[in-house]
Amino acid sequence: MATKYTAVLDFLRPSAWALEPEETTFANYGWSNKDMDPVPPRLRTWTAWNYVTYWVSDATNIAIWELAGSMLAIGLSWRQALPCIAVGYIVISVVMVMTGTIGARLHVAFPVLNRSSFGFWFSYFTVFSRVILAMFWFSIQTYSGSQAVYQMLKAIWPSIARLPNHLPASANITSSGLLCYLIYWIIQFPFMLLSPHNIRWLFLVKGIIVPITWLAMVIWAFVRVPPSTGLFAQHATISGSRLSWTWLSAMNSALGIYATLSVNIPDFTRYARNEQVQFVQPLVIPVVFTLCSFAGIAVTSAGIQLYGEVLWDPLLLIDRWDNRAAAFFASLAFVIATIGTNISANSLSAGNDMTVLLPKYINIRRGQIICAIIGGWALCPWEILASAQGFLSFMNGYTIFLGPFAGIMITDFWFLHKGHVDVPAMYDPYGRYRYAYGFNWRAVLAILVTVGPTIPGLINSINPAVRIGNATHLFDIAWMYGFVVASVVYYVTSVVFPARETYVEKLISADDPSSPMGAPYGGGGASPVTDTTDAEKTRDVQVVVKTE
């Protein structure tokens, strides 16, 4: 009995969960682990084709379909919605490649590299924000996937629609709904155990299956409702200044869907074989996202003619189909689509970010498991969707921070430091990126100046009863406003009041012989980064060598 009790205590002891350090790591004093370290050359395996399939996979996302379809519901015609979507994705693709190149060049993840612009401790605000957003949207996407599972089961066994419900109305979910949610969660979970450099094969499969299904749905829509009487015959139902602001708001929504990835795309580009392979992003993103959005618009437009209402949720449209085989395979495609998106945009992001919060105990895999449990079950997405529309508006409005985040990162790396940063110093809480007590006040000021004016619009989106007049228009363009204004404020304050200790003459990367990881790769000795002038601020970052 005593032996079993001791075994339980040993299992619960924090030291039993501590991660094993790599042979060469930045993990001195617990500030890193294997997944936070710069990616070693042997794991830099992503090619241009992998980024093409990644974005084709992400474009076939139920949120992209719903956004495009909902533009018809708010009064835009397809002629106005498509250019709006195309412009939005052109803008976000440029931002994506600028932040992505940082990850591909430095081979470090977003939670680490943003320390160079926000300060070691203030960067935790950006990281914690991403964790919260990722877990909430993971839960909501999982619920969307469960609805696709319901349509699959209904296609096989129509009687599931008549399955007795043993849950009270206050549960906001039925017995069949909970069953489908559990099935989807179980299907999705094993994919979360794949390493980031291997998950590209999931994106390849999704990038083949889902576009073919969506194309088939577009063909079905055009056969059932010829474009001359359906899509092409539709016109805008709004005009004047209302049309202009609606167009800008819709474009901001298109930007907002991938505002999170525009910040943390380095989590994926750090695995690039070289930085050139990810330059394909600005070519791929606008094309595939516009085409996929057209699919959502075309099918939604056909649904208006066939069913007399705007069914911008494709699963609601599939629910109207009589062909059970078509309903099954279309729903299966949406299950695959949701799994791929949930992992790339939510669980992997949460896993990467959690490694920074507790690097001694949490790696990417453990972070994803935590996300699956908290996001999947503790947050109860059916409760969120049923009773808290204002809360969802708040979570969506939280993207007012993401424009400034991206603007500050790009301005700092490209226009102020011109790519000359010190990677080892990003792992040192007392190094050159400490700024003032771990806070870069220039970044703090830029965020306060940009976020403050958009707060009234956020309040109005949560509670429309709060009248704020034309101030709501600033919230309609929150991402664009935040990106531009934060970039300008951060640049001006950094030029007028430069943080001189953060400037180096050239890039000090993890591959340099003088860096902790550069020693085994570059041929140098395993020594601390304390020898050169550029690295004098990078103190206390030493090599941790595991001995047998």
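Buried means under 20% relative accessible area, exposed means over 50%, and partly exposed is in between (1.4 Å probe, protein chains only). Keep that scale at hand for this tour.

This is a predicted model: local features need pLDDT of at least 70, side-chain atom pairs count only at pLDDT 80 or more, and totals for chains, interfaces and linings use all residues. Residues are numbered from 1 along each chain as its sequence is written, and side-chain values use heavy atoms, leaving out hydrogens and water.

**Whole chain**

Show the cartoon. The chain has 24 helices and zero strands. Both are DSSP runs numbered from the N terminus: helices are H or I with at least four residues, strands are E with at least two. Of the 548 residues, 55% count as buried.

**Stop 1: Tyr 258 and Phe 289**

Select these two residues. Are they buried or exposed? Tyr 258 is buried, and Phe 289 is buried too. Their ring centres lie 5.1 Å apart with planes at 85°, so the pair is edge-to-face. Rings of Phe, Tyr and Trp (its six-membered ring) pair if their centres lie within 6.5 Å; planes under 30 degrees apart are stacked, over 60 edge-to-face, and the rest tilted. Tyr 258 sits in the loop between helix H10 (240-257) and helix H11 (259-264), and Phe 289 sits in helix H13 (residues 281-307), so the pair ties together parts 31 residues apart in sequence.

**Stop 2: Thr 290**

Select Thr 290, also in helix H13. Thr 290 is buried, at 17% relative accessible area. What does Thr 290 touch? Not counting residues up to four places away in sequence, Thr 290 touches Leu 82, Ile 85 and Ala 86. Contact here means heavy atoms within 4.5 Å.

**Stop 3: Trp 65 and Phe 334**

The whole structure holds 35 aromatic pairs. For one of them, select Trp 65 and Phe 334: ring centres 5.8 Å apart and planes at 80°, so this pair is edge-to-face. Trp 65 is in helix H3 (residues 62-73) and Phe 334 in helix H15 (residues 324-357), 269 residues apart. Both are buried.

**Stop 4: H3 beside H10**

Select H3 and H10. Their axes come within 11 Å and cross at roughly 175°. Axes are lines fitted to C-alpha atoms, for helices over the stretch in contact, and angles run from 0 to 180 degrees between N-to-C directions. The two helices are therefore roughly antiparallel, a label for angles over 145 degrees. Show the side chains: Ala 63, Ile 64, Leu 67 and Met 71 of H3 meet Ala 250, Ser 253, Ala 254 and Ile 257 of H10.

**Stop 5: two loop residues**

Select Cys 380, in the loop between helix H16 (364-378) and helix H17 (381-387). Its phi is near 45°, a positive value in a residue other than glycine. Cys 380 is partly exposed, at 23% relative accessible area.

Finish at Lys 418, in the loop between H19 and H20. Phi of Lys 418 is near 50°, a positive value in a residue other than glycine. Is Lys 418 buried or exposed? Lys 418 counts as exposed, at 58% relative accessibility.

Methods:
Parallel < 35°, antiparallel > 145°, perpendicular 65-115°, else oblique.
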